[in-house]
Amino acid sequence: MLISFEGIDGSGKSTQVVLMRRRLEEAGYAVDMVREPGGTALSERIRSLLLDPDLEVDSMAELLLFSAARAQLVREHLMPSLAEGNVVLCDRFFDSTTVYQGAGRGLDPDGWLDAFNRRVTKGLVPTRTYLIDIDPEEAVRRRMAQGGVAGRDRMEQAEPAFYTRIVDAYRALAYAEPVRWRVLDGLRPAEEIARHIWADFVRLAGHGRNTPE
């Protein structure tokens with residue numbers, strides 16, 4: 001089973017990935033956790049390019065680099081891991097490209113990106129996607145509290161309007177695919193969010209009676 005976690009930078013989604021891995025391991029599941037971009041030698045090298053604050057990257061080049069990293073991750077790591085029966089937790093997947101590059105960078109006015117994403121992933125789609133939803137202003141406040149302006153990566157240096165477009169796009173995706181997506185209030189305490197995610201996973205997995213609460 002592939003489970004993805006989405007949200008803007010500062011939403012707390014990566015914290016939820018870690019908490020979910022811990023809960024799954026305690027329940028006896030075989031768990032594989034990956035991040036995007038990353039997860040393979042090639043994908044990690046691409047990650048370093050994409051996040052380099054001193055590097056200028058054309059918007060279309062950015063989209064293709066993210067997609068190249070994802071294609072490698074899917075073929076080299078995700079598909080073999082899923083075939084072994086692991087629960088795979090992915091910190092971002094193709095929905096991030098849809099919102100960050102498609103909506104944020106304005107590269108998808110004609111709606112071509114969804115079909116492209118599915119080709120990149122060979123049709124692999126998460127069983128469940130958890131959106132940790134917060135407003136852009138709160139995300140900026142959190143990032144500033146964590147380290148201020150210094151040390152921000154290239155993606156985090158975008159203008160506020162960029163993140164507003166991303167939040168709107170995330171919410172639109174969740175509304176359009178209510179079966180796959182679950183939206184959680186990112187302002188709630190992390191442990192409370194984690195409990196909601198775990199309860200949803202128990203129902204999704206169909207192990208309600210045998211999976212520890």
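Trainee: Is Glu 62 buried or exposed, and what is its relative accessible area?

Mentor: Before the answer, please keep in mind that this is a predicted model, in which local features need pLDDT of at least 70 and side-chain atom pairs count only at pLDDT 80 or more, while totals for chains, interfaces and linings use all residues. Residues are numbered from 1 along each chain as its sequence is written, and side-chain values use heavy atoms, with hydrogens and water left out.

Glu 62 counts as buried because its relative accessible area is 1%. Buried means under 20% relative accessible area, exposed means over 50%, and partly exposed lies in between, all with a 1.4 Å probe and protein chains only. The areas themselves come from the Shrake-Rupley method with a 1.4 Å probe, and for residues only the protein chains shown count as cover.

The side chain of Glu 62 meets that of Arg 105 in a salt bridge, with 2.9 Å from N to O. This pair links distant parts of the chain, since Glu 62 is in helix α3 and Arg 105 is in the loop between α4 and α5 (113-120), 43 residues apart. A salt bridge here is a side-chain nitrogen of Lys or Arg within 4 Å of a carboxyl oxygen of Asp or Glu, and helices (H or I, at least four residues) and strands (E, at least two) are DSSP runs numbered from the N terminus. Side chains of opposite charge can pair when their charged atoms come close.

Met 60 counts as partly exposed because its relative accessibility is 33%. Together with Leu 64 and Trp 112, Met 60 makes a nonpolar surface patch of about 250 Å². Such patches are made of residues with over 30% relative accessible area and no salt bridge, where like charges are joined within 9 Å and nonpolar side chains (Val, Leu, Ile, Met, Phe, Trp, Tyr) within 5 Å.

We can now turn to helix α4, where Thr 97 has its place. Thr 97 is buried because its relative accessible area is 1%. Leaving aside residues up to four places away in sequence, Thr 97 touches Leu 63, Phe 66, Arg 70, Gly 102, Leu 113 and Asn 117, where contact means heavy atoms within 4.5 Å.

Phe 93 and Phe 94 are both buried. Tyr 100 and Tyr 163 form an edge-to-face aromatic pair, 6.4 Å centre to centre with 90 degrees between the planes. That pair links distant parts of the chain, with Tyr 100 in helix α4 (residues 94-104) and Tyr 163 in helix α7 (residues 160-176), 63 residues apart. Rings of Phe, Tyr and Trp (its six-membered ring) pair if their centres lie within 6.5 Å, and planes under 30 degrees apart count as stacked, over 60 as edge-to-face and the rest as tilted. Tyr 100 counts as buried because its relative accessibility is 4%, and Tyr 163 is buried because its relative accessible area is 2%.

To set this part in the whole, the protein has eight helices and five strands, buried residues make up 47% of its 213 residues, and a search of the whole structure finds 17 salt bridges.
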